[in-house]
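User: I'd like to go through this chain and ask what stands behind each label. Can you take me through it?

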Amino acid sequence: MSRDYYEVLGVPRDADTQTIKKAYRRLARELHPDVNDHDPQAEEKFKEATEAYEVLCDDDKRRIFDTYGVDGLRRGGGGGGAGFEGFNDLSDLFGTFFGGDIFGMGGRAPAGPPPGADVAVELVIDLKEAAFGVTTDVEVELMDTCRECGGAGSKDPSAIRRCVDCDGAGRRRSVRNTPFGQFVQMAPCPTCRGTGETITDPCPECRGSGRAMRVKSLSVDVPAGISDGQRIRLTGQGAVGGRGGRPGDLYVHVTVRPDPRFERQGDDIVYIQPLTMVQAALGATVSIPTIDGEEEVEFRPGTQPGETRVLRARGIPHLRGRGRGDQRVVVNVMIPRNLNQKQEDLLRELEECCGADHYDPKPEGVFHRLKNFFTG
Ligand SMILES: [Zn+2]
Ligand SMILES: [Zn+2]
């Protein structure tokens, strides 16, 4: 390496030790493998930064470097790479650094027994259930408490002994030396795998783990107003953890089966009401389905295609807060086809006596409403 150590750490030439230390810590954090999954050079860069740190924090080496550069250090370093006396095993140092949690970035090996896994399950409900809520059962296969031993892991509960390696704590201290001094790490005890106990007579069903796979039926309260694709979290209802570990969560992914009659837009329901040409012209009262029953709606004579009627608060209840969305009823006017001679004659007669003043070529708002309907 013939790099400029000041450049490597990104510090000015007159930086004091404190600044150099800070710069090194920042770099080490950036090169943390949890952050830098895809940088294969992270370890190389870390070595380089460590070398720079070592040299610049040592008054003698820094003076040599300032005067003669890296070559000066090589000549005067007395064997081996410059400034590496204390770090023969760099990858070990790397592991010490990043395996622990000295930067508070979340350790990879939390102390204590392993927590249970989160489990996901799909639930399909219909639109009415989504609108008004439903309490239903879901079947889910997950790691559950062993029924044979009640989760103790031992055939005979009195045969459980305290782990001698960790004295029942489930964790063990390990001390590592690093450039910043000693770091104490707490790691799960490998002997008892964090439980603090030794089982001398393991349960044959779960072989001492206290857990077994089984299909479980769980009750789910689906709140009124839920939408397709939303999920419900049941805290602590996922897989059970290792003995003493906290359970995972159960995520219920909700799929709302579409209702061919209705189109849901947020908490509003859009419904298309077909009227015959004659019903639209003469006016009509029709019974319209809503998510909770029928409703009579009167259309005035001369109703135009695309006209919209709003049935207030007949849509989906709001998931948060009170009230409901609306149901928007959009009129579609149906034109008859396959007419016989008599029907054709009647329509021609109508056309002859029905002048332009009976028609509105651009009924107010129709196109606007259509646009609204299609774009929501
Ligand atoms: Zn068991
Ligand atoms: Zn132990």
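**What the labels rest on**

Analyst: Let's start with a strand pair: E14 and strand E15 (residues 327-334) pair in the antiparallel sense over four bridges. In E15, Arg328 is the bridge partner of Val310. This is a predicted model, where local features need pLDDT of at least 70, side-chain atom pairs count only at pLDDT 80 or more, and totals for chains, interfaces and linings use all residues. Residues are numbered from 1 along each chain as its sequence is written, while chains are lettered from A and ligands numbered from 1 in the order in which they are written.

User: What makes E14 and E15 a pair?

Analyst: Two strands pair if DSSP finds at least two bridges between them. E14 and E15 have four bridges, so they meet that cut-off. Helices (H or I, at least four residues) and strands (E, at least two) are themselves DSSP runs, numbered from the N terminus.

User: Why are E10 and E14 said to stand at the edges?

Analyst: The open sheet has four strands in the order E10-E11-E15-E14, with mixed pairing. Strand E10 (263-265) and strand E14 (308-311) each have a single partner strand, so one side of each lacks a neighbour in the sheet. Neighbouring strands here are turned by 30° against each other on average, direction ignored.

User: Why is H2 called roughly antiparallel to H3?

Analyst: The axes of helix H2 (residues 17-30) and H3 come within 10 Å and cross at roughly 170°. That makes H2 roughly antiparallel to H3, because angles under 35 degrees count as roughly parallel, over 145 as roughly antiparallel, 65 to 115 as roughly perpendicular and the rest as oblique. Ile20, Tyr24, Leu27 and Ala28 of H2 make the contact with Phe46, Ala49, Tyr53 and Leu56 of H3. Contact here means C-beta atoms, placed from the backbone, within 7 Å.

User: How do you know that the span of H3 agrees with what a helix should have?

Analyst: The expected span is 1.5 Å times one less than the number of residues. For the 15 residues of helix H3 (residues 42-56) that should be 21 Å, and the end C-alpha atoms are 21 Å apart, so the two agree.

User: What makes Phe180 exposed?

Analyst: A residue is buried if 20 or more other C-beta atoms (placed from the backbone) lie within 10 Å of its own, exposed if 12 or fewer, and partly exposed in between. Phe180 has 12, so it counts as exposed. Phe180 sits in the loop between strand E4 (171-178) and strand E5 (181-188).

User: How confident is the predictor, on average?

Analyst: pLDDT is the predictor's confidence in each residue, from 0 to 100. The chain averages 82, and 83% of the residues score at least 70. Over residues 76-110, though, pLDDT stays under 50.

Key:
Axes are lines fitted to C-alpha atoms, for helices over the stretch in contact, and angles run from 0 to 180 degrees between N-to-C directions. Two residues are in contact if their C-beta atoms, placed from the backbone, lie within 7 Å.
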